[in-house]
Amino acid sequence: MKHTQRSDRGEPGIDSLDFIADLRKIVGRRHVLTRPASTYRYRRGYRFGAGAVQAVVRPGSLVELWRVAQACTRAGKIVIMQAANTGLTGGSTPDGNDYDRDIVLIGTLRLSGIHLIDQGRQVVCLPGATLNVLETLLSRIGREPHSVIGSSCIGASVLGGISNNSGGALIQRGPAFTEMALFGRVGIDGRLQLVNHLGIELGEEPELVLSRVEKGEFTAQDVRAAGKGHDADYARRIRDVDADTPARFNADAARWFEAAGCAGKLIVFAVRLDTFEKQKDPAVFYIGTNETDELERIRRDILTTFDELPIAGEYIHREAFDIAETYGKDTFAMIRYFGTRRLPLFFALKARFDIIAQRVPFLPTHLSDRLLQAVSRLLPQQVAPRVREYRDRFEHHLMLKVSSNMRSSAEQYLKEFFTHNSGDFFQCSNDEGARAFLHRFAAAGAAVRYRAVHSDTVEDIVALDIALRRNDRAWFEKLPAEIENKITLKLYYGHFFCHVMHQDYAVRKGYDAMAVEHEMLPLLDQRGARYPAEHNFGHLYEAPSAMLAHYRELDPCNCFNPGIGKAAKKRNWVAESVEGCDASR
């Protein structure tokens with residue numbers, strides 16, 4: 001006799017086997033994963049977060065995604081949407097096993113469509129479209145997406161950036177944002193509704209709307225002006241270097257609009273975004289100094305006195321430089337020689353290897369990382385020689401990327417600046433500049449590798465994503481001794497002109513990493529910093545009350561990605577399940 005569960009709404013529940021059978025009818029048997037080994041790489045975060053799921057479902061069309069979401073809603077399931085699973089705070093995976101309902105994780109990478117609008121000045125992206133593919137597509141017509149390199153290196157999705165207000169490295173473009181989206185939401189009545197705010201006429205019937213947008217079955221006449229496609233105000237905000245608040249951070253209510261900043265509390269089917277003209281022949285200046293104030297003065301001078309903003313300004317500290325050079329060399333080399341398109345496949349193969357290795361009791365933990373680290377030692381030096389020389393001379397490093405129009409004025413400014421200061425700079429060749437930025441972006445993954453290889457001395461990684469005040473001149477952190485003694489390694493790197501810093505700490509064996517993090521956060525509060533800056537609250541950060549209210553408004557039943565921002569995981573946002581869907585409870 002089959003075991004029949006009861007749903008959380010109190011009505012006779014759908015039998016688990018029947019529910020799985022329904023999902024298989026929608027997407028096909030091979031795209032419904034239920035065995036723990038087959039779901040492992042989906043339900044475990046890239047850096048943080050893990051938990052059990054009833055199933056991982058991989059729809060092959062937007063109509064299938066709609067039907068899966070309907071089935072999950074009717075059955076009272078939790079839905080977690082996931083694209084590339086590259087997040088750093090566990091925001092697209094379960095967090096433990098203390099949920100009050102079964103979890104269905106929906107993987108969207110099969111839904112990878114991208115449509116150009118107005119000769120590529122705008123795009124419509126489906127849930128599985130990645131920044132890398134979008135960047136490649138737009139480069140053929142001389143345009144770029146909101147973000148390039150950085151997170152796109154490891155296959156991050158376009159919709160993931162929008163959902164999390166991800167900031168990216170590009171100074172002129174601000175956090176990922178749009179007011180135009182096609183999404184599903186569950187209302188107070190518990191029913192899934194489709195909302196079309198794309199500004200594209202697609203009809204009324206949900207499955208017709210979804211089919212047409214997926215196939216690109218719309219004309220220029222169907223497209224109308226419907227809202228902002230990026231954060232056009234950011235250039236003004238970042239120039240205000242005397243403001244006592246950060247330029248961008250995740251909990252900024254001005255950057256929330258339906259899909260933008262939803263953190264998975266909606267089922268987002270498509271977004272419409274602006275694109276940007278690609279800069280031709282940009283220049284990269286590599287700057288080194290032992291005085292943090294010199295970098296801050298450069299930041300303030302360029303933001304306030306130049307007519308044009310730089311393209312990017314990336315910071316890395318010497319210790320992060322060394323760790324990236326040692327523990328990120330294989331990632332660096334793979335991107336340098338093969339590009340970024342193969343990285344998602346690489347990570348998938350690595351996850352499958354980890355699953356197999358875990359079944360063999362006598363094999364060491366993190367075997368794949370240990371093997372890759374051994375292989376990386378055989379690789380040739382990846383960092384350019386002149387950059388490596390600056391590592392020996394200077395503690396603090398800044399990569400400044402400017403347009404061809406700004407090249408001459410930036411070079412003249414730097415020459416004059418370092419005539420009277422202690423640091424130095426040089427203009428990179430194209431190869432040196434590309435390698436310098438690759439090295440900077442290898443730092444984030446290097447911390448994960450370091451933890452895996454040194455698991456005997458490292459308890460865990462604390463990864464903070466911090467937005468400093470625009471007027472904060474003392475931007476470089478100095479920890480008190482009682483915290484410093486619990487840490488074996490500190491990695492500092494970030495988007496310097498935006499005053500967004502990524503700070504990773506390897507916590508000594510025997511200390512609780514979460515407790516160490518809680519010791520650090522009040523110090524950031526005292527400095528007026530906001531966190532996270534661009535990586536979603538996930539299950540690491542406690543969301544402020546205004547953001548929790550925003551989540552409750554988007555998802556009154558708490559059926560999508562519950563627990564985000566350390567909020568309630570229970571249905572209806574309460575401590576235990578109740579009948580109905582009364583969002584006021």
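Trainee: In which loop does aspartate 281 lie?

Mentor: Aspartate 281 lies in the loop between β11 (276-277) and β12, where strands (E, at least two residues) and helices (H or I, at least four) are DSSP runs, numbered from the N terminus. This is a predicted model, in which local features need pLDDT of at least 70 and side-chain atom pairs count only at pLDDT 80 or more, while totals for chains, interfaces and linings use all residues. Residues are numbered from 1 along each chain as its sequence is written, and side-chain values use heavy atoms, with hydrogens and water left out.

Trainee: Why does aspartate 281 count as exposed?

Mentor: Exposed means over 50% relative accessible area, buried under 20% and partly exposed in between (1.4 Å probe, protein chains only), and aspartate 281 has 58% relative accessibility, so it counts as exposed. Its phi is about 55 degrees, a positive value although aspartate 281 is not a glycine.

Trainee: How do you know that glutamine 119 is exposed, and where is it found?

Mentor: Its relative accessible area is 69%, so glutamine 119 is exposed. Glutamine 119 is found in the loop between β5 (114-117) and β6 (122-125), and its phi, near 55 degrees, is positive in a residue other than glycine. Aspartate 118 also takes a positive phi near 55 degrees, in the hairpin of β5 and β6, which has 4 residues between the strands.

Trainee: What makes β5 and β6 a pair?

Mentor: Two strands pair if DSSP finds at least two bridges between them, and β5 and β6 have 4 bridges, in the antiparallel sense. Leucine 116 stands opposite valine 123 in β6.

Trainee: How do you know that tyrosine 511 is partly exposed?

Mentor: Tyrosine 511 has 35% relative accessibility, so it falls in the range for partly exposed residues. It is found in the loop between β18 (500-508) and α17 (513-526). Leaving aside residues up to four places away in sequence, tyrosine 511 touches Glu459, Lys486 and Val516, contact being heavy atoms within 4.5 Å. Between tyrosine 511 and valine 458 there are 9.1 Å in space, C-alpha to C-alpha, although they are 53 residues apart in sequence.

Trainee: Why are α1 and α3 called roughly antiparallel?

Mentor: The axes of α1 (residues 16-27) and α3 (residues 62-74) come within 9 Å and cross at roughly 170 degrees. Axes are lines fitted to C-alpha atoms, for helices over the stretch in contact, with angles running from 0 to 180 degrees between N-to-C directions. Angles over 145 degrees count as roughly antiparallel, under 35 as roughly parallel, 65 to 115 as roughly perpendicular and the rest as oblique, and α1 and α3 are therefore roughly antiparallel to each other.

Trainee: Which residues of α1 and α3 meet?

Mentor: Phe19, Leu23, Ile26 and Val27 in α1 meet Glu64, Arg67, Val68, Ala71 and Cys72 in α3. By class, this contact has 7 nonpolar, no polar and 2 charged residues, where Ala, Val, Leu, Ile, Met, Phe, Trp, Tyr, Cys and Pro count as nonpolar, Asp, Glu, Lys and Arg as charged, and the others, Gly among them, as polar.

Trainee: What makes β14 largely enclosed by the rest of the structure?

Mentor: In β14 (residues 396-402), 6 of the 7 residues are buried, so the strand is largely enclosed. It pairs in the antiparallel sense with β12 (residues 283-289) over 7 bridges and with β13 (residues 312-317) over 6 bridges. Alanine 283 stands opposite valine 402 in β14, and isoleucine 316 has histidine 397 of β14 as its bridge partner.

Trainee: Why do β15 and β16 stand at the edges?

Mentor: The open sheet has 7 strands in the order β15-β12-β14-β13-β17-β18-β16, with antiparallel pairing. β15 and β16 (458-467) each have a single partner strand, so one side of each is left without a neighbour in the sheet.

Trainee: How do you know that the length of α14 agrees with its 16 residues?

Mentor: The expected span is 1.5 Å times one less than the number of residues, so the 16 residues of α14 (residues 404-419) should span 22 Å, and the end C-alpha atoms are 24 Å apart, which agrees. Its buried residues include Met406, Ala410 and Tyr413, and what covers the buried residues of α14 includes β12, α8 (292-305), β14 and β15 (424-427).
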